[in-house]
Amino acid sequence: MTKSFFLHLARLLFCGVMFCIGVYYWLTNPTQLDFTSPAGNRLFLSVIWLFLCISILLRLVPNPTSAIGARKHFARYYKQAPETGGKGTAPLHRGVLLSAAAWIIFNVAVLLVAHSTGLLSPATALLLVLLYAVCDVVCILFFCPFQLLFLRNRCCSVCRIYNWDCMMLCTPFLLYLNLYSLPLVILAALLLVLWERSVFLNPHYFSAQTNIALRCANCTDRFCHLRGKIHAPHSRYRPCEFEVSVL
């Protein structure tokens, strides 16, 4: 296992503990989770805010401690494949619209259920954010439904929507925008815009066909250690059938 793998395990542990504390507060005294009220637990809410803010900021700048999948949109981490001369990319948009639609539909359904049962509140929104934070790391280390059902990419290194996770995580905050939630939403939206801008301007950064930094032989993350890869052998890099088209 790699250093990056253990860092994500630590992140999972932290998010899991915060979520468990959040569930306890939500069941016993939901006001503790109310980030729109002065009665909220300032210490707990501050820890969550700082964690989310720092996590997003680390994605906004070239940061070697982040996984290659999260920083491949920066020019400094692009390593041109000599056999392609930097020309040609994989069909990067495979499953993207389906992934976005699934996330929107899922959240609308969750919010409708929460509203109909009287659970829709700032406390519930924060608890959802904490749940999504846990699920985010679970997707990276163990199982990702977006990868399996829609994207069909080999692993996180070549994931087309890797840096969507911050905006996805902040989705419940859109219901209650204030001085607490708005900065996080703005930062997450900025990251999403910069990511999509890079996809549009530099698609060769995102394909293992044109960027050898994304190939299995050069991987320093090994997030596939437990969950494996899709359509690729473990021993060496071989492009999947949807990664080999040269434009």
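1. Helices here are DSSP runs of H or I with at least four residues, and they are numbered from the N terminus. On that basis arginine 152 falls in the loop between H6 and H7. The model is a predicted one. Arginine 152 is not a glycine, yet it has a positive phi of about 55 degrees.

2. A second residue of this kind is arginine 222, a residue other than glycine whose phi is positive and near 55 degrees. Arginine 222 sits in the loop between H8 and helix H9 (224-227). Its relative accessible area is 31%, and arginine 222 is therefore partly exposed, since that class runs between 20% and 50%.

3. Helix H1 covers residues 3-28, which is 26 residues. At 1.5 Å a residue H1 should span 38 Å, and the C-alpha atoms at its ends are 38 Å apart, so the two values agree. The buried residues of H1 are Ser4, Phe5, His8, Leu12, Cys15, Gly16, Met18, Gly22 and Tyr25. As a general point, an α-helix has 3.6 residues a turn, so residues three or four places apart point the same way.

4. What is the volume of the largest pocket? The figure is about 540 Å³. Its lining is made up of 28 residues, and those nearest the centre are Cys135, Asp136, Cys139, Cys144 and Phe146. At least two lining residues come from each of helix H4 (96-116), helix H5 (122-141), helix H6 (145-151) and helix H7 (165-169). H5 contributes the most, with seven residues. By class, the lining of the largest pocket has 23 nonpolar, two polar and three charged residues.

5. The second largest pocket has a volume of about 390 Å³. Of the 17 residues that line this pocket, Leu7, His8, Arg11, Leu58 and Thr65 lie nearest its centre. Two or more lining residues are given by each of H1, helix H2 (42-60) and H5. H1 has the largest share, five residues. The lining of the second largest pocket divides into nine nonpolar, five polar and three charged residues. His8, named here beside the pocket centre, is also among the buried residues of H1.

6. Five of the lining residues of the second largest cavity are nonpolar, one is polar and three are charged.

7. How many salt bridges does the model contain? The count comes to two. One joins aspartate 165 to arginine 59, with the closest N and O atoms 2.9 Å apart. Aspartate 165 is in helix H7 and arginine 59 in helix H2, so this pair ties together parts that are 106 residues apart in sequence. Both aspartate 165 and arginine 59 are buried.

8. Arginine 160 is in the loop between H6 and H7 and glutamate 196 in helix H8 (residues 182-201), so parts 36 residues apart in sequence are tied together by the pair. Are its two residues buried or partly exposed? Arginine 160 is buried, at a relative accessible area of 6%, whereas glutamate 196 counts as partly exposed at 25% relative accessibility.

9. Phenylalanine 173 lies in the loop between H7 and H8. Its relative accessibility is 0%, so phenylalanine 173 counts as buried. Neighbours within four places in sequence aside, phenylalanine 173 contacts Phe35, Leu52, Leu126, Val129, Tyr180, Ser181, Leu184 and Val185. Valine 185 is 12 residues away along the chain, and the C-alpha atoms of phenylalanine 173 and valine 185 are 7.1 Å apart.

Notes: Residues are numbered from 1 along each chain as its sequence is written. This is a predicted model: local features need pLDDT of at least 70, side-chain atom pairs count only at pLDDT 80 or more; totals for chains, interfaces and linings use all residues. Side-chain values use heavy atoms; hydrogens and water are left out. The expected span of a helix is 1.5 Å times one less than its number of residues. Buried means under 20% relative accessible area, exposed over 50%, partly exposed in between (1.4 Å probe, protein chains only). On a 1 Å grid over the protein atoms alone, a cavity is a set of points where a 1.4 Å probe fits but cannot get out, and a pocket is an open set with protein on both sides within 12 Å along at least five of seven lines; lining residues have an atom within 4 Å of a point. Grid points are joined across faces, edges and corners, and a volume is the space filled by probe spheres set on the points. Ala, Val, Leu, Ile, Met, Phe, Trp, Tyr, Cys and Pro count as nonpolar, Asp, Glu, Lys and Arg as charged, and the others, Gly among them, as polar. A salt bridge is a side-chain nitrogen of Lys or Arg within 4 Å of a carboxyl oxygen of Asp or Glu. Contact means heavy atoms within 4.5 Å.
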